[in-house]
Amino acid sequence: MEPIEAFDRAGMAATTVVNGIVDDQWDLPTPCAEWTVRGVLNHLVTVGMIAEAIVAGRAHPDQRADHLGRDPKATFAATLAANAATLRTPGLMERVVSTPMGERPGSVMVDTLVAELVVHTWDLARATGQDTDLDPELAQEVRTSWETRLGDRPRTLLPYEEPQPVPDDATPADRLAAYLGRSVVVA
């Protein structure tokens, strides 16, 4: 799957889940222990803003700030739309950009943005009681990419926990979440 197609599909899945969040769910805990539902969405917006800054060659936004404002859903939609336009910049996929992980081709930045969207959309869906069976083909592709990057290395210095068990009938998105340390088994 091409990076832009993957981004568009991740954005559609995320939009569906974000639009399904109701007002009394913003303070719910998520599988990301340090973040509430609002915190996870703020992280996704911040990551999108960082991608914009990387492509434009400007300073990154403060990652600790709340960028959602009064209308989190509208802010997310605007960030997603801005990212969709920016990622279509001619030559970006081949251009080398300065990311927090060092100098990388633009396509690697897009892959990272897609992974963030898919994994954290799963977090939001799980926290708000929505369907976590996100785009199966995309979830499998993201999981394969992460398995290639991380392999069996210890995760002590990474923002991911050790892989968790999954039931035999787990969806690709559940398998991705478990690989990145989320508990997918419902007690």
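Predicted model: local features only at pLDDT ≥ 70, side-chain atom pairs only at ≥ 80, totals over all residues.
Good morning. Helix α2 is largely enclosed by the rest of the structure, because 17 of its 20 residues are buried.

Let me begin with the geometry of the helix. α2 runs over residues 37-56. From the first C-alpha to the last, α2 reaches 29 Å, which is close to the 28 Å expected at 1.5 Å a residue. Directly after α2 comes Gly 57, with a positive phi near 75°.

Within α2, I would draw your attention to Gly 48. Is Gly 48 buried or exposed? Its relative accessibility is 0%, and the threshold for burial is under 20%, so Gly 48 counts as buried. Which residues does Gly 48 touch, once neighbours within four places in sequence are left aside? The contacts are with Thr 79, Asn 83 and Leu 113. Leu 117 lies 69 residues from Gly 48 in sequence, yet the two C-alpha atoms are 9.4 Å apart in space.

I turn now to the largest pocket, which holds about 960 Å³ of space. Its lining comprises 35 residues, and those nearest the centre are His 43, Thr 112, Glu 116, Pro 159 and Tyr 160. Three helices, α2, α4 (106-127) and α5 (136-150), each supply at least two residues of that lining. The largest share, eight residues, comes from α4.

Note on methods
Residues numbered from 1 in each chain as written. Heavy atoms only, no water. Helix = DSSP H or I, 4+ residues; strand = E, 2+ residues; numbered from the N terminus. Expected span 1.5 Å × (residues − 1). Buried < 20%, exposed > 50% of the residue type's maximum accessible area, 1.4 Å probe, protein only. Contact = heavy atoms within 4.5 Å. 1 Å grid on protein atoms, 1.4 Å probe; cavity = no way out; pocket = protein on both sides within 12 Å on 5 of 7 lines; lining within 4 Å. Points joined across faces, edges and corners; volume = space filled by probe spheres on them.
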